[in-house]
Structure formats: structure tokens, C-alpha cells
Amino acid sequence: MENQKRLPSGEKLYKAFLYLVLGLLALTILVPVGWVFLASIKTDPEFYTNPWNLPVSFYWQNFVSAWNAAQMGQYLINSVMVTAMALGLLLVVALPAAYCLSRFRFRGRRLLNTCFMAGLFINVNYIVVPIFLMLRDGDAFLRGIFGQGFLLNNLFVLAVIYASTALPFTIYLLSGYFSTLPHDYEEAAYLDGASHFKTMVQIMLPMAKPSIITVVLFNFLSFWNEYIIALTICYQSSTLPVGLVNLMQKQNAPGTYGQLYAGLVMVMLPTLLLYICVQKNLTKGMTVGGLKG
């Protein structure tokens, strides 16, 4: 029995090689991230002496300066507001749409599915200029009627753009998961007198929790790190990635890199914490199910 349980030498070498490659890939990610965290709590003389040395003490003034002097605090608040609004709008629209497209048969369903699938191939960065021109012309029209416009430099409008551009991917993923769920639960709910809306909210959405967590995480990362649309639409009061670029431009001349790395930590930390919280459900939501026609 012991001889049967032993792995062949070729398989052992393959597993050892696989673990070595995965370990090297992990190092290429962990080392830069750890270096940024260490650099954010160093003084500038420590940084210039040897960037790889451990910090002598925790120099929290970098975070205070980045938060106040560089206005990263306001950029962070803007990012939190925009991301929260965009995720809320996205889920309110995408969940019922994905549920209906995957669970009901009606005229035009295939056409709608095709349109949403086509949206997966459109990169929003390629259409940011037409979006800006539409909003600019809309502002000009509103100024002619009300005396001022509100489409540009509006965080809610930015959130609407984020949510609308994320609809194809979100509906695709949620529809695939909803399609794998058995119809017995819905039939039992209908026999008990539950409406379609009540069935969706109280029965189907809790069952689709892994897939919902997956789309929340992916879209959170997309909204939180987005730069081009935020810079174009909200150029006066923008989000954290735009603030970070502004901080980089300000800190390059005087060479005070501590504030810069403190700003990088502010950008990275929320995404790392969210991923740690939902990593158990992430793989499950991505691997279960495929989209049915």
C-alpha cells in the first residue's frame, strides 16, 4: 500500500517546479507591496541613505502630511462616495436584469443578451471623449435654462457612468450564476403565494451571494482605481487615483517621497482589506455555472 501511495518521481518534480514558480510569482507581488509600506513610514534621510533598510521608527507624519497638505483626505472621501454610489446603482439595476434574463423566457430576451455580451468588448477608455462632449453640451444646454450646469464635476454623474459601463460584465456573470440554480425553490415560493419580486429578494439573491460578492469585488477594484474617466469628468473635485498623480507631480521636484508612498498606501489598503474579507467566496462565484442560451 505504501508503494502505491508514493508519487512517481516525475510528478514530484512537476509539483516542486510548480510550487517554485508560484513562490516566485508571489514574491514579485509581495516584495514591492511590502517595500511601499516600509517606505511610507520612513523619513526622507532614511530613504536616501538606503531604500532597502528597515525604518528606524514609524514616521507617521508622512500620512498626516499626505492627508492634510496634499488633500489626499478629500480625494479619499470622494473615492469612497463615488465607489459606494456606483456599486449601489449597479446592483440595483444589474441584479433584477440578470435574474430576468436568466430565469424567464420572453420576446427579445436573446437580443438583450446579445447586446449585453457585445458591451463586454467595448473599452470605456475609448469612448471617454464622446461621453465628455455629451456632458459638456448638456451643461451648456442646462446653463441656458437654469443658469448653471451640473453634469461635469459631479460625483454622482461619475458614479452613474461607472455603473453603466460595468453593466455588461456584471449581468454576464450574474446571469451565468442564476442559470445554474434549480427552479424548485421558485416553484415552491410561488405555491406559497410569493410574488416574483419577493422570490428574487428573499430566496434567489441569498443563494447567489458568492456571485454577488465576486462582482462587488471586481467592480470595486475597477471603480476605486479608475483614472481616465475621473480626470476627464471631474477635473476640479476628483478621486484618489487623480489625487495620487497630482501628489506624485508635486513631490518629484522637492524629492519628499515619504508623502508619495503614504498616498500609495492609502490607495492600496482598502483594496487589500476588501480582498482579504471576501477571498473565500471569490473563487466560488467565478467558477460555478456558465451562461445558458
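How many helices and how many strands are there in the protein? There are 14 helices and zero strands. The model is predicted.

View 1. From the N terminus on, the elements run α-α-α-α-α-α-α-α-α-α-α-α-α-α. The radius of gyration is 24 Å, well over the 19 Å that the globule rule gives for 293 residues, so the protein is more spread out than a compact globule. Along the principal axes, the C-alpha trace spans about 85 × 70 × 35 Å. Of the 293 residues, 39% count as buried. Among contacts with a separation of 6 or more, 71% join residues 24 or more positions apart.

**View 2. The largest nonpolar core.** This core has 65 residues. Met 72, Phe 178 and Ile 233 have the most contacts inside it. Helix α8 supplies the largest share of the core, 14 residues.

**View 3. Helices α5 and α8 packed together.** Two packed helices are described by the angle between their axes and the distance between the axes. For α5 (residues 72-103) and α8, the angle is about 35°. Their axes lie 6 Å apart. The crossing of α5 and α8 is right-handed. The residues of this contact divide into 25 nonpolar, five polar and one charged.

**View 4. Ser 179 in helix α8.** Ser 179 is found in α8. Is Ser 179 buried or exposed? Its relative accessible area is 9%, under the 20% cut-off, so Ser 179 is buried. Ser 102 is 77 residues away from Ser 179 in sequence. In space, the two serines are 5.4 Å apart, C-alpha to C-alpha.

**View 5. The surroundings of Ile 233.** Residues up to four places away in sequence are not counted here. Ile 233 touches Ile 131, Phe 132 and Leu 135, among others. Its partners also include Leu 151, Leu 152 and Asn 153. Leu 158 and Ile 161 are touched by Ile 233 as well. Ile 233 is also one of the residues with the most contacts inside the largest nonpolar core.

**View 6. Asn 153 in a loop between helices.** Where is the place of Asn 153? Asn 153 is in the loop between α7 (128-146) and α8 (155-180). Phi of Asn 153 is near 55°, a positive value in a residue other than glycine. The relative accessibility of Asn 153 is 25%, between the cut-offs of 20% and 50%, so this residue counts as partly exposed. Asn 153 is among the residues that Ile 233 touches.

Definitions and conventions
Residues numbered from 1 in each chain as written. Predicted model: local features only at pLDDT ≥ 70, side-chain atom pairs only at ≥ 80, totals over all residues. Heavy atoms only, no water. Helix = DSSP H or I, 4+ residues; strand = E, 2+ residues; numbered from the N terminus. Buried < 20%, exposed > 50% of the residue type's maximum accessible area, 1.4 Å probe, protein only. Core = buried A, V, L, I, M, F, W, Y, C linked by side-chain atoms within 4.5 Å. Contact = heavy atoms within 4.5 Å. Axes fitted to C-alpha atoms, helices over the stretch in contact; angles between N-to-C directions. Left-handed = near helix turned anticlockwise from the far one by under 90°. Nonpolar A, V, L, I, M, F, W, Y, C, P; charged D, E, K, R; others polar. Rg over C-alpha atoms; globule rule 2.2 N^0.38 Å.
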